[in-house]
Amino acid sequence: MADMKVAAYICKGCGLGERLDADALVKIAQKDGKVPLVKSHDFLCNADGVAMIRNDIETEGVTHIMIGACSRRAKTEAFHFPNHAVARANLREGVIWIRPDTDEARETTQEMAEDYVRMGCAEVKAMTAPGGNPNTGSSKTLLVVGGGVTGMTTAIEASKTGYPVVLVEKSGELGGWAGKLHKRVPVHEPYKSPMDTGVADLVSQVLADGNIKLYLNATVARTDGAPGRFVVDIATESGATHTEDIGAIVQATGFTLYDMNKLPELGGGKSPNVVDQAGLEALAKAAAAGDGVIRRPSDNQPVKSVVFVQCAGQRDASGTHLSYCSGFCCNASIKQAMYFKDANPAVDTTIIYTDLRTPGNGEDFYRSAQEKGVIFTKGRVAQVVPEGNTSTVKFHDLILDDTDAAVADVDLVVLATGQVANSGVNIDALTKPQVEGQPGEPTAEGAVEVKPISILNLTYRQGPDVPQLKQGFTDSHFICFPYETRRTGIYTAGPVRRPMDIAQAREDATGAALKAIQALENAELGRAAHPRSGDLSFPKVRLEGCTQCKRCTVECPFGAIDEDEKRFPVFNESRCRRCGTCMGACPVRVISFENYSVNTVGAQIKAVDIPDEFSEKPRILILACENDAYPALDMAGMNRNEYSAFVRTIPIRCLGSVNTIWITDALNAGYDGVMLMGCKHGDEYQCHFVKGSELGRVRMSKIDDTLKTLNLESERVRDLEVAITDIERLPEMINKYAEELAAVGPSPFKGF
Amino acid sequence: MSANTAVAEKYRNNFLKEIEEQVEMGDWVKMCMQCGVCSGSCPTNFQSAWEHPPQELFMMIRAGKREEVLTTTSMWNCTSCYNCIVRCPRKLPITHIMHGIAEYAHRIGKAPKMQPTRFFSGLFWKNCTHTGRVNELKLSMGLYFKDGLGAGIKEGMKMKDVALGLMKAKRLNPFEILGGHKCKDQKGIQAMLAKAYEIERARKAAKMEG
């Protein structure tokens with residue numbers, strides 16, 4: 001760039017001045033970094049230091065700033081220059097805090113600092129200041145799909161916050177699952193008896209709210225666009241289609257009970273007197289409308305004894321039924337047992353459970369049921385044998401270890417089957433064969449059936465619905481990133497996300513509403529959503545270099561990239577989370593961000609001074625994920641956990657953004673080894689970009705071929721799974737790797 | 001009771017109701033949540049000394065196992081250390097329930113006749129209410145001869161050094177065998193106890209009639 005003016009600043013505060021030779025660092029920046037304006041300061045982040053930088057910006061026209069001080073994660077407010085390209089050399093957490101303050105260590109510590117200054121200068125020159133995504137939309141309307149408790153709560157919460165809502169419900173009335181309940185589990189002191197569901201109140205709130213536009217008997221026929229500018233077609237029963245401009249979407253499509261007809265051994269489908277929890281709610285509602293006596297369906301006689309079978313078709317290790325616990329059914333069965341006991345204490349109610357789990361204040365509710373005389377029996381039900389108007393429940397009593405235990409003459413058996421998410425089409429089943437290069441044949445294997453009907457009908461290249469994580473639930477890391485899906489601006493809440501009860505679903509709804517509002521506000525400003533919230537950089541592609549290989553469109557974890565008719569990538573910047581996975585995937589390296597590109601990292605790799613093989617000073621490149629690994633390294637520094645002076649660390653946005661050219665370049669340049677530090681992947685993933693670390697690792701698994709062509713040992717590249725808590729472990733791993741490399745010997749590429 | 005009704009009553013409230021009505025603190029049995037802390041805390045239950053530890057007894061009551069519960073020796077092993085009561089997360093007065101079940105089993109004649117605790121309890125009560133004073137010599141001899149003459153002599157010989165030591169220290173008077181010391185108003189004490197018996201009998205009879 002013609003008008004680029006670079007300045008470098010070296011801080012001498014926080015002990016940097018005592019531990020390092022600042023004058024030498026200034027000279028390095030001038031000579032090796034080729035920076036015309038280099039200054040040092042005793043205390044760069046104080047008002048005087050920052051004023052010095054601001055003054056240079058104004059009087060000298062500085063556009064690119066290299067700050068050699070603390071970690072890029074520290075003093076972000078002081079060193080906030082949003083209109084300028086800024087690079088940070090981590091001299092504090094990355095150098096003096098992880099090295100001993102001894103005379104012997106002084107030389108290597110200084111060399112470390114000098115390399116980081118060189119790297120910072122090289123990086124900042126390869127950057128431009130991010131300008132923000134110009135392709136924005138400004139719709140502030142929230143689309144809520146599903147009119148159950150979750151959907152209605154989302155709509156009400158968003159409306160109260162001042163955002164208009166479009167609420168789409170497939171059926172003819174609001175209420176969803178909770179609307180079918182007689183009563184709900186109590187959520188107020190003293191937690192002793194079932195309480196009113198509160199659905200009627202929610203429905204009237206929605207109907208009375210002028211900010212909420214309601215479509216009943218309607219489905220989402222088409223969703224196009226990106227956060228801030230979604231265009232959604234809503235198909236109604238009459239056949240008419242209404243088009244709405246939408247800013248963000250919350251999918252609250254709830255669940256269906258696991259089909260009890262799949263449990264014939266438990267009497268499912270064999271007798272009208274064996275029902276699931278929905279069946280009992282219907283009986284209870286009918287009773288409440290009549291004389292209050294729950295009657296058995298076969299002959300309409302009052303129920304005198306009822307057995308509840310917990311975990312029916314759930315927590316099944318054999319793989320036939322649901323493998324998970326749905327979490328709500330213990331409390332629900334306790335509540336249903338109370339329907340009987342509250343009406344007539346003489347009715348025998350037995351709950352057969354293997355592990356009673358009563359979340360929330362369910363423990364008080366459980367105790368109340370015991371006081372009311374509900375019998376709780378720890379056992380595993382083997383068989384329900386219906387005979388005439390009654391059934392026999394055979395089970396293994398786990399306390400008395402009685403394998404022949406049985407309850408006979410039971411009028412009604414209630415099976416607590418679990419929640420199956422209404423998550424739409426499993427797009428992984430659709431796209432995986434394409435990735436493998438085989439003809440796409442959707443598979444319907446596994447415990448949870450693939451539902452053929454799409455909910456959102458996204459026009460995205462990667463499929464019509466949000467991806468599922470496991471067991472058909474839409475993905476989100478349940479602790480770190482609730483509500484997040486891999487479709488930016490589309491959030492899921494309630495039991496479609498994970499099994500939950502009404503109280504949890506309402507909390508979920510509130511959270512998702514706020515997340516969606518954040519997303520549409522960020523989208524309008526051209527900024528990224530979570531986890532790089534506020535980031536103004538966005539991917540830019542040099543299409544003339546593109547070979548239409550489709551790797552970026554296939555790998556983008558967020559479905560941000562579509563294809564045009566010539567199979568060129570079409571970037572939807574507002575859908576992008578700025579992880580850089582496309583950049584790592586691109587074999588011809590035409591994708592880059594303004595402040596993060598193959599060049600910004602490549603230039604840093606090349607800037608490091610590589611001593612010759614006789615110096616006994618190896619060089620190890622660490623590419624550390626900025627979300628977990630880099631903070632862990634910083635915290636290791638704060639704890640003064642020392643590690644090798646031969647490592648040079650470069651933060652990366654995600655392991656998925658690592659382009660193999662960096663590894664090849666580093667090894668060719670004479671680095672002795674490369675460490676990749678990324679987050680855990682798989683079902684229990686911790687990757688902030690969900691699939692980034694996994695995709696990065698798949699890419700790196702092929703690095704062995706590169707090593708072979710270079711005639712290098714496989715130890716030269718090490719992939720490490722790192723969590724943010726690995727503050728003690730990480731320095732140990734680095735030191736161990738340095739020792740291993742010493743045993744392997746220096747790289748043969750040094751000095752070329 | 002036919003086999004069919006026996007099955008029909010399993011895991012029903014019948015026996016639980018009987019326990020709730022007849023046993024002191026019996027209405028607590030339904031509140032057990034089967035955590036097993038009582039069984040694990042019981043100092044007399046090491047090496048599974050109890051045929052059915054408290055948690056299991058509670059489950060058996062709910063499962064309707066009437067004969068097994070009332071004829072077992074288990075609750076007679078309780079020494080009233082109160083460890084279970086202190087530790088029970090559901091605050092069940094387990095010690096009292098154990099004594100309550102034992103007392104009920106005894107009352108309706110189901111308790112095992114020669115269970116040592118039960119036998120000693122009877123012996124002690126008879127001993128101390130007879131004269132209004134405990135006759136330790138007679139009490140210990142009564143226990144020694146519980147299982148017959150031979151076993152009694154053998155047990156006595158085994159304990160003779162202790163007995164001689166106690167005699168030297170004037171803690172044991174061999175002449176107690178002739179009748180021993182009494183309280184001043186022996187007749188008064190017995191009249192008082194007879195009245196207490198009468199009251200209790202009437203109360204429990206009323207309870208059993210429901």
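Me: How do you know that Val144(A) is found in a strand?

Reply: Val144(A) falls in strand S5 of chain A, residues 142-145, where strands (E, at least two residues) and helices (H or I, at least four) are DSSP runs numbered from the N terminus. This is a predicted model, in which local features need pLDDT of at least 70, side-chain atom pairs count only at pLDDT 80 or more, and totals for chains, interfaces and linings use all residues. Residues are numbered from 1 along each chain as its sequence is written, while chains are lettered from A and ligands numbered from 1 in the order in which they are written.

Me: Why is Val144(A) called buried?

Reply: A residue is buried if 20 or more other C-beta atoms, placed from the backbone, lie within 10 Å of its own, exposed if 12 or fewer, and partly exposed in between; Val144(A) has 31 such neighbours and therefore counts as buried.

Me: What makes Gly151(A) a contact of Val144(A)?

Reply: Two residues are in contact if their C-beta atoms, placed from the backbone, lie within 7 Å, and, leaving aside neighbours within four places in sequence, Val144(A) is in contact with residues including Gly151(A), Thr154(A), Val165(A) and Val250(A).

Me: What does chain A give to the contact with chain B?

Reply: Chain A gives 16 residues and chain B gives 14 residues. On the side of chain A that touches chain B, the largest share, 4 residues, comes from S18(A).

Me: How much of chain A is buried?

Reply: Of the 752 residues in chain A, 53% are buried.
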